[in-house]
Amino acid sequence: MSGARAANRPPGAARIGRQRTTERIVPSAGQAWSADPYADALHTGRGPLFLRRTDGWLLPLDVERWCAEADAADLQVLRRCEGTVLDVGCGPGRLVAALGAEGRRALGIDVSEAAVAHTVRRGGQALLRSVFDPLPGTGRWGTALLLDGNIGIGGDPGALLERLARLLAPGGLTLVETVPYPDVDERALVHVTDAHGAPGTPFPWARLGTPALLRCAWGAGWRAEDRWSTDGRSFVALRAPGATGARARPGGTTAGGTHRAG
């Protein structure tokens, strides 16, 4: 590792990248995201790939966008990042790579070996870990990213937000992508599947529109600073417990935040 790269290392991340890709992963979700067909889709850079509910309903996964460079909507989110950035469920690493290209300190974590390897090949730093595993820099991260539906990790958004509150510095920022349909508030068991329909290992997942996320965040002690939509995607900026200022109510913002209808 060069001196310049070491200077941009996230807090506590003394050894990250290829040498750390043997870390423990969550058994059910890790097996699902590490096995075919997800690994094959990342290798080719294209789908089709889906999350399949037990009732047969399919949610298309945007593999092509994940494997491409960060787009305008992504960059708009990344401009809001503060301090060191933890990309939770980093996938093939487009966000970590984009932050690194700007000299920002960022670390991706993912339970997929293929995703971590892809991130490292793009020049990003990544660990093969679940967000619920021990992580470097606990209590010191400036920003956490939950894009591409990753508020669904673990199937319990409240537990995920509580975990992020412990990983972030007091008053840290989480940038969340929500479902662009406001009424969605779903918990389900899903499989990763391709066009052939062969299901993988089932794991819990959640899908939240912005109103559901705001209710969940408020209950966990977070406050909403902003919400916005661009290119058909919806986002929310949340401030972790420990920040100064008044607590915002669901659907509103505090002083210093803006509210944009999505």
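Predicted model: local features only at pLDDT ≥ 70, side-chain atom pairs only at ≥ 80, totals over all residues.
Student: Which residues are closest to its centre?
Tutor: Trp 66, Asp 148, Gly 149, Asn 150 and Trp 205 are the closest to the centre. In total, 44 residues line the largest pocket.

Student: Which helices and strands each supply at least two residues of that lining?
Tutor: Two helices do: helix 2 (27-34) and helix 4 (63-67). The strands are strand 2 (58-60), strand 4 (106-110), strand 7 (168-178) and strand 9 (203-208).

Student: Where does the largest share of the lining come from?
Tutor: Strand 9 supplies the largest share, with 6 residues.

Student: And by class, how many lining residues are nonpolar, polar or charged?
Tutor: The lining has 26 nonpolar residues. Another 9 are polar, and 9 are charged.

Student: You listed Asp 148 by the pocket centre. Where does Asp 148 sit in the chain?
Tutor: Asp 148 is in the loop between strand 6 (141-146) and helix 8.

Student: What is the phi of Asp 148?
Tutor: Its phi is positive, about 60°. Asp 148 has that value although it is not a glycine.

Student: New topic: helices. At what angle do helix 8 and helix 9 pack?
Tutor: Helix 8 (residues 157-167) and helix 9 (residues 210-219) pack at about 55°. Their axes are 9 Å apart. Helix 8 and helix 9 are therefore oblique to each other.

Student: Is the crossing left-handed or right-handed?
Tutor: Helix 8 passes helix 9 in a right-handed crossing.

Student: Which residues make the contact?
Tutor: From helix 8, Pro 157, Gly 158 and Leu 161. From helix 9, Leu 213, Cys 216 and Ala 217. By class, this contact has 5 nonpolar residues, 1 polar and no charged ones.

Student: Last one, peptide bonds. Which residues does a cis peptide bond join?
Tutor: A cis peptide bond joins Gly 47 and Pro 48. Omega there is about 10°.

Student: Where is Pro 48 placed?
Tutor: Pro 48 is in the loop between helix 3 (38-44) and strand 1 (49-53).

Key
Residues numbered from 1 in each chain as written. Heavy atoms only, no water. 1 Å grid on protein atoms, 1.4 Å probe; cavity = no way out; pocket = protein on both sides within 12 Å on 5 of 7 lines; lining within 4 Å. Helix = DSSP H or I, 4+ residues; strand = E, 2+ residues; numbered from the N terminus. Nonpolar A, V, L, I, M, F, W, Y, C, P; charged D, E, K, R; others polar. Axes fitted to C-alpha atoms, helices over the stretch in contact; angles between N-to-C directions. Parallel < 35°, antiparallel > 145°, perpendicular 65-115°, else oblique. Left-handed = near helix turned anticlockwise from the far one by under 90°. Contact = heavy atoms within 4.5 Å.
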